[in-house]
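Here are some friendly notes to read alongside the model. Please have the structure open as you go through the points.

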Amino acid sequence: MNRLYGPLDDVAGDAGHVEHPPRVGFFTDTSVCIGCKACEVACKEWNAVPEDGLDLLGMSFDNTGMLGADSWRHVAFVEQPRRTAHQDPAFAGLPTGPSGIPETAGAVEPRLEAAPRGGSELGTNPLPPGGPEPQELGMPGFSRPGDLTGPESRTDFRWLMASDVCKHCTHAGCLDVCPTGALFRTEFGTVVVQQDLCNGCGYCVSGCPYGVIDRRQHDGRANKCTLCYDRLGDGLEPACAKACPTDSIQFGELDELRERADRRLAQLHDLGVSEARLYGRDPDDGVGGDGAFFLLLDEPEVYGLPPDPHVPTRDAPSMWKRAGQAAAAFLLAGAAAFLAGGRR
Amino acid sequence: MPEAEFRSYYGRPVLKAPVWEWKIAAYLFCGGLAAGASVVAAGADLTGRPALRRSSRLGSLGGLLASLYFLVSDLGRPARFHHMLRVLKPTSPMSVGTWILSAFGAGAGAAAVAEVVPRRWRGTWPARLLGRLARPLGVSAAATAPGVASYTAVLLSHTAVPGWNEVRDELPFVFVGSAAASGGGFGMLCAPVAEAGPARVFAAVGAAGEIVAARVMEHRLGLVGEVYREGHVGRLRKASEALTAAGLAGTLLVAHRSRAGAAASGIALLAGSALQRFGVFEAGVASTKDPKYVVVPQRERVDARTAPS
Amino acid sequence: MNSDCIVIMGSNMAEAHPVGFQWVMEAKGRGARVIHIDPRFTRTSAVADTYVPIRAGSDIAFLGGVIRYVLDNDLDFREYVAAYTNASFLVSEDFADTEDLDGLFSGYDPRTGAYERDSWYYEGTEPPRDDDGSRAKTFSEPFQAGASGAGVAGAHLAERDPTLQHPRCVFQVLKRHFARYTPEMVERVCGTPQEQFLDVCRAWTTNSNRDRTTALVYSVGWTQHSVGAQYIRAGAILQLLLGNIGRPGGGVFALRGHASIQGSTDIPTLFNLLPGYLAMPNVAHTDLDAWMADQRTGGHKGYGYDVDAYMVSLLKEYFGDAATPENDFGFDWLPRIDGDHGTYRTVMDMIDGKVSGYFVLGQNPAVGSAHGRLQRLGMANLDWLVVRDLNEIETATFWRDSPEIETGEIVPERCRTEVFLMPAASHVEKEGTFTQTQRMLQWRTKAVEPSGDRRSELWFAYHLGRLVRERLAGSTRERDQPMLNLAWDYATEGGHDGTGEWVEPSADDVLRRINGYDLTTGDLLPDYLGLKADGSTSCGCWIYSGVYAEGVNQAARRKSHTEQGPYDAEWGWTWPMNRRVLYNRASADPEGRPWSERKKLVWWDADEGAWTGYDIPDFPRNTPPGHRPPEDATGPEALSGDDPFIMQPDGKAWLFAPHGLLDGPLPTHYEPHESPVRNPLYGQQGNPTRKVYGRPDNPSNPAPPEAGSEVFPYVLTAARLTEHHTAGGMSRQLPYLSELQPALFVEVSPELARERGLTHLGDAHVVTSRSAVQARVVVTDRMAPLRIDGRVVHQVWLPYHFGHTGLVSGDVVNDLFGVVEDSNVFIQESKVATCDVRPGPRPRGPALRALLDEVRAAAGITVETGTRIATAPGVAHTEEGS
């Protein structure tokens, strides 16, 4: 067992909790998400997270954009000219032309680029008012959701929705790099910021391989999902899971959720939905498995998730080793310079 | 080079761009300067170069104070900077760095203060004690200076930011080189030519190392190398290399015979070092703003793993 | 949850009813197929197995096509149809179908624009004495048939052909009526490709039999049409043919628009209904007997016959001891209908200066009602207006910030209306019941005291009544007697300050009084079966009787589903008598045995001599399946053992409606009032009985055969988003909801965007003859063009939540719609109109009116446009200006 990365059976125990409840988390089954955003609202209500910008983003029905200090749940909406196995072609036989998805993405991207943090502040900051005027850009340079198929007359269509949340990693980049101990591992195995300790150094923001945690404007402290630590303490499930009408967000003991997810995946594969996959379920992945993991219907990057994240701490030993070598060289150079120069 | 094919969520970044501002780049530079200067100061002290010692000790403290100012003022809650001292956390380079800086700061600070005790207080016992302790404290600062010079590289690389994380093997060498160049350059700028010989050597070795390490770093980088080469960052780093190279040339060719030449070379090295830090800093920020630097390498990794062998 | 297939049509259930949608997902998880038929690909479509595109306003053509498919292929549930529906009943020889009259039924009177319905009756029955279609069209009489069923004298005596072969039996009439609704015709009218249509037919029919059931779900996407009532009729006919009514997993689910809208029709806020769907008396009802005679039209059977007990008990509840047999239990104190007092007519009357005051409670007509401009101009011409709401909504601020300020049509300094804004307590600040879509009453307790001056509706109504009564005290004027005789003595629970005159009335006491009392003993009634017509019982709403049975607030029950049976009978309380599935007698065969083990619900237990099952049987408990009543029996005693539809005068479900509807005994596809195409099925273009109001302030876009329809080439439809609440009064003020949908947008297909030069996130304006509305463009693949009758037709969609106050604002989408209504229930056609879409922002101020003048001129629109409602050859009727 390596405590910096890889599988870890007892995260809370590893963090020093002696007698502790089982590790809990979320299994978000995006195949049954209806995009109602009740999770976003319930989360904000319960945790008193501030409103963060009244922007029409043009990203389908997503006007939240991304997880951030002021968005602890984020529902992604992806429109694609393809269909899931059990679905019938939506627009077959209609007088349709080519898909408009490249055009819409082409109108969104310049607005994001014009934002101070490249659009990664969505969920913290409003976009600059107006932004550049949307233009008809023709085919954009990069492939976006759905670009990989391009029938002249669109027939297939699907609309993916997925509620994203902090992953509560087994090896959490944010927690590892926090210099004040404000971020800590709870007895439930979750990762929480202690607001009375955080001094807003911002290191966690760059430590997170998922782009989840961020510093709150006008407050200066880091904020993210607490997996409703206060509710857990009272034996309640987190607000988002409670509010989810279709059980897309399932809360429970992580071991049990993993079994449930495996069964659901097998069921979908049996139905021919071969593109269904679990994301963050594998304890052997770069973060030792997520406490909040997902069933997705496309590649993670389509939902804005990194395909193969790893905790930076994985490379800490080698980084310090290289730093040590460099430090030695530095000292050596200094010593040599004076030795060569001799006494005066 | 053909555009990379990849998929994303409306072209939106996957990662959060660092919340750090230019102050962090300035902090990197000032910390490096402090480290380099402290080595020069200790060496000068031990080898009897009082002018070099004095200016380098002061430069070291100045660099340290500036870096602390930049660091603290970039906090979301500056009044809580001391929370850094609650814990020592090996997994957090910032925590480790805080303690290294603390250890360094005690020595570098005391040694510098010893230089500026007003004449009329020099007879008092605390001043005499300080005078006696200045050397060991200065040497202790020099002993921790390599940590100060190199930890900032780990600080940046120990993140999910592709532009920093993927240069983790070379960045320490770039940063110590930059620190040495700036520390030596500072000595050349402030001390007489006669005393500054070791500073010139130190600066030259540092500058050369920095240029080589940076070249290796860029050369080895894959897709994310774009952020180091292109646009604003590319211009910054080209300027940095040019200044450092010029400073190096000046150091080797004119600094030993011309006070003005030495000063100019020192300034060039300092500027080159500063631009190096800003360049690396900005490169990392840029690498978070475009999802391709996150998605493409990771996708390639996944595909390589899952590809039928 | 028990369904094998769920067809969702005219409803965006996942978005507008996300909580109820969990059961659809549950059923889907158990293997049910989910089909969504809609003009747009919505969040409902996203999780459905099959999305089927359709043109807004063409649903009857689609459903008619499915009916034809069922009948042509003998796929109906024949035993069910023969036994439980009126399929075997013979229709009068005088009846002529739309097939014969090019889109009209027999009896159309071109003078009145209404039907004389004598010819629609069963062979061997008497039409009612005074069947005046035009009066019914003024009074919205069909709406009143809710409680007692539409009366058909001697319906149980009608001639029948159990073999369903007689050419005039309903089954054969149905076959002929829908013969032309072929898959080709469906494609021509609806734009739905034949293959997709046939796929739906196959799924629907293969999942409807003894072992399987299909549920049909609709919402206001069906109702808000000028043929709205017939949409639902078409769905009901189909579900009856397939045996999907009264059975687990079957049914027609009318999803209500928002919390307790069901409750507000049960205990109504409508001009023509009393609680429990009892008919509001009209001017012809000189006394209680006259009213009763109208309700009973000829000795029919079923529970509807007992309206006397329901009405007298209601009067006893209203007037208490003042209601006596001698004074007809105060029947005279009830108001009388003397004309159209529907909401839209009332608004026009405001403009015409006939209305002086207006209460608006929990509604935002300035934004949420069709033709917002008409609403605002009406409200600007009142003496006073009371608005009770959580926030200062547009209806309270129209006099200073409506779009008409910009155009100069309303001048704040000169607006004569005095507006009283009364802050309302929210649902967590008061107690009472919600009645949800499933007819379930759920009690909720008060979580917090209302802040500031916020008060409950109950408080407002109670004290308003109290103050009016105090003001009128001692009056001997006849008009004041209803108020003075009200039993206005509700229990109170201390005021917001604990004491004094501003006490809070007890919601619990109100619920008890709705449940009703046996006045001889003072006991709460166990159910409505105990209601008497002699004044010995009181009951505020007969269908709710039993909600306080045994002195227990049944609506407050919260037993976990893990601790009770499959139908969760101890969670809340469902009217009537806590039945979860209406007409569930139909879940058993005529002999009383379940149709199948898999779809077992209630059945006859011969040993017990009673009906039993998982649900509470919706049938006289001890009437055996083989029971045949004597000919002179009335009311419940007249029900045969195989008459599951106990509210119908013949005990059967009506495939053919001999009475009760004003626009035909069978649904027929008519084009919407505003349509870009000529009706491909008939010469009759639109509903020939629809209510149009030809006024200068209510122009219509031309529809074929009128000229000028090309000026508005696109089909316009509007609906809701999950993120906002109807007219926005409860969401645009809330940051957490506003940020989720922060701006008004218009959804267009990529094809339309290219045609009109619209860019994603750019501005555009949607134009009708009423107004132009500016919105951000959202180009999306979710919208697709259709091919209608050979030409490509685009549809555009906007959410209608936006107005001019709140954290996020936008133009009022309802300004785009005019007022045209279905003749049965006066529902406005706000789900479909025609429009144009133009890039860029709309003109503002007087320039907006100039633009509208211009488009109206271009389309040749006059006051007469749209009023020629009869277009079948040889028949012409033009509604007079009103």
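**Notes on chain B and its contact with chain A**

1. Let's start with a helix pair. Helix α9(A) packs against helix α4 of chain B (residues 125-157) at an angle of about 150°, and their axes are 8 Å apart. The axes are lines fitted to C-alpha atoms, for helices over the stretch in contact, and the angles run from 0 to 180 degrees between N-to-C directions. Helices (H or I, at least four residues) and strands (E, at least two) are DSSP runs, numbered from the N terminus.

2. The two helices, α9(A) and α4(B), are therefore roughly antiparallel to each other, a label used for angles over 145 degrees. The contact is made on the α9(A) side by residues including A:Trp320, A:Phe330 and A:Leu331, and on the α4(B) side by residues including B:Pro146, B:Gly147 and B:Tyr151. Two residues are in contact if their C-beta atoms, placed from the backbone, lie within 7 Å. By class, the residues of this helix contact comprise 13 nonpolar, three polar and no charged. Here Ala, Val, Leu, Ile, Met, Phe, Trp, Tyr, Cys and Pro count as nonpolar, Asp, Glu, Lys and Arg as charged, and the others, Gly among them, as polar.

3. A word on the model itself: it is predicted, with local features needing pLDDT of at least 70 and side-chain atom pairs counting only at pLDDT 80 or more, while totals for chains, interfaces and linings use all residues. Residues are numbered from 1 along each chain as its sequence is written, and chains are lettered from A and ligands numbered from 1 in the order in which they are written.

4. Now the whole interface. Chain A brings 73 residues to the contact and chain B brings 74 residues. On the side of chain A that touches chain B, α9(A) gives the most, with 17 residues. That side of chain A holds 38 nonpolar, 21 polar and 14 charged residues.

5. How do the chains pair up? Two pairs of chains are in contact, and chains A and B share the most contacts. Chain B and chain C do not touch, as their nearest C-alpha atoms are 13 Å apart.

6. Finally, chain B on its own. Its secondary structure comes to eleven helices and zero strands. The radius of gyration of chain B, taken over C-alpha atoms, is 21 Å, close to the 19 Å that the globule rule (2.2 Å times the number of residues to the power 0.38) gives for 309 residues, so chain B is as compact as a globular protein of that length.

Methods
Angles under 35 degrees count as roughly parallel, over 145 as roughly antiparallel, 65 to 115 as roughly perpendicular and the rest as oblique.
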